[in-house]
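Me: I am new to this structure and would like to learn how to read its features one at a time. Could you take me through them slowly?

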Amino acid sequence: QMNTLHKYISKQFLVTFFMALVVLSFILSIGLIFKAVNLISRGASAEIVVKFILGGFPYTLSWTIPFALLVSSLLVFGKLSSDSEIMAMRACGVSLFDIMRMPLLIALFLSVCCLYINNTISPESSYSRKLSRNAIGVNEVAALIEPGKTITNEKFGTGISIFVKKRNKNHLTDVRIVEPMDNDSNSYRELTASTAIMTSEENNSVLHIDLNDVVIKTFSAEDTKDMTSVTAKSMPFKLFFKDEKRRNKAPTRRPKDKPSWQLAADIELFELFPSTDKGKLKNICRSRVEIYSRITLALACVCFVLIGTPLGIQQHRKETWFGLVLSLGVGLSFYLFIILANSLVEHLSQFAHIIVLFPIFICLGLGVYLIKKGN
């Protein structure tokens with residue numbers, strides 16, 4: 001009976017889908033995990049690390065759910081075809097569309113879920129990561145100091161830059177700190193130390209850096225001549241952080257951090273009051289691309305099942321390699337078209353968002369062709 005057949009296919013499809021989802025989510029989250037471990041090793045609190053990981057998970061799901069459906073379609077229907085079960089179903093008069101009905105319904109349901117994730121949960125999670133970074137204490141600010149990089153951050157203070165060659169937790173080696181001396185004369189000083197130790201004090205409002213074997217040089221920004229040079233065996237250096245200022249100053253939202261309804265409101269407001277400012281034009285173009293990208297990634301669930309099912313059925317035949325290459329190309333096309341659209345935003349293209357829809361139409365046409373061919 002058809003109900004028994006649908007239950008049989010649905011069970012195999014869902015089990016394979018959840019396994020593929022876990023594996024793909026783990027693979028795409030490796031970079032996020034490494035960043036989290038890096039924050040832990042440099043003194044970040046557990047709360048900040050958890051928020052950092054959870055904030056990136058919804059965005060990961062927007063990619064892994066469609067690709068998990070593609071993998072499930074290829075594996076499940078490939079196995080059914082290789083075991084001659086598809087042939088038996090066709091011999092009983094069951095059409096290919098009836099065979100793939102339940103996977104399509106599952107994909108449609110997941111498309112709706114992805115629309116909600118992409119348009120609401122993911123941007124809010126992305127913004128919450130920025131908020132947590134903005135509210136971190138001294139220990140987490142110290143985590144921003146990475147070896148081999150010159151770090152400039154508004155939390156350090158205006159004009160202050162820090163370079164550390166090596167770092168072992170709070171022990172620093174080959175430290176270079178540049179800070180302005182006088183706003184009127186534009187002079188600044190450079191502190192170089194062979195070693196240093198970082199500690200926090202005053203309820204995590206001050207980062208204390210004890211410098212050892214210090215060379216202090218004062219420069220004039222006007223002629224860049226060395227004005228003074230002094231050495232010291234040790235020297236304290238403090239970075240002050242005002243909690244109230246840091247907490248009250250909320251970070252600005254990028255288009256990626258805004259829900260789709262807010263992006264649509266920004267676009268409507270721009271159309272009512274147009275501007276020739278390049279910054280605003282670029283922001284509106286990016287907002288359009290962001291909305292269409294979220295819709296495209298959600299509809300990819302249905303598209304991938306439409307393509308993956310007939311390709312999976314053909315896997316046991318001679319065109320196996322063609323099906324695998326084609327499915328991989330279809331999956332990558334979604335990512336490549338989105339990259340292309342974002343690159344066109346830099347050139348202020350008013351039609352960049354239309355390009356994001358191309359893979360949807362390509363997949364729908366290709367899926368209908370493959371299903372008709374399979375029938």
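**Reading burial, salt bridges and packing**

Reply: Lys-258 counts as buried because its relative accessibility is 13%, where buried means under 20% relative accessible area, exposed over 50% and partly exposed in between, with a 1.4 Å probe and protein chains only. Keep in mind that this is a predicted model, in which local features need pLDDT of at least 70 and side-chain atom pairs count only at pLDDT 80 or more, while totals for chains, interfaces and linings use all residues. Residues are numbered from 1 along each chain as its sequence is written, and side-chain values use heavy atoms, with hydrogens and water left out.

Me: Which residue forms a salt bridge with Lys-258?

Reply: A salt bridge is a side-chain nitrogen of Lys or Arg within 4 Å of a carboxyl oxygen of Asp or Glu, and by this rule the count comes to 11 salt bridges. Lys-258 pairs with Asp-266, their closest N and O atoms being 2.8 Å apart, and Asp-266 is partly exposed, with a relative accessible area of 23%.

Me: How far apart are the closest N and O atoms of Glu-179 and Arg-189, and are these residues buried or exposed?

Reply: In the salt bridge between Glu-179 and Arg-189 those atoms are 2.5 Å apart. This pair links distant parts of the chain, since Glu-179 lies in strand β3 (residues 171-182) and Arg-189 in strand β4 (residues 187-201), 10 residues apart; strands here are DSSP runs of E with at least two residues, helices are runs of H or I with at least four, and both are numbered from the N terminus. Glu-179 and Arg-189 are both buried.

Me: Which residues are linked in a network of salt bridges?

Reply: The network joins Lys-282, Arg-286 and Glu-346. Within it, Lys-282 and Glu-346 have their closest N and O atoms 3.2 Å apart, and they connect helix α10 to the loop between α11 (320-345) and α12 (352-355), 64 residues apart. Lys-282 counts as partly exposed at 29% relative accessibility, and Glu-346 is partly exposed too, with a relative accessible area of 42%.

Me: At what angle do the axes of helix α10 and helix α13 cross?

Reply: Axes are lines fitted to C-alpha atoms, for helices over the stretch in contact, and angles run from 0 to 180 degrees between N-to-C directions. The axes of α10 (residues 278-313) and α13 (residues 358-374) cross at roughly 25° and come within 9 Å. The two helices are therefore roughly parallel to each other, a label for angles under 35 degrees, whereas those over 145 count as roughly antiparallel, 65 to 115 as roughly perpendicular and the rest as oblique.
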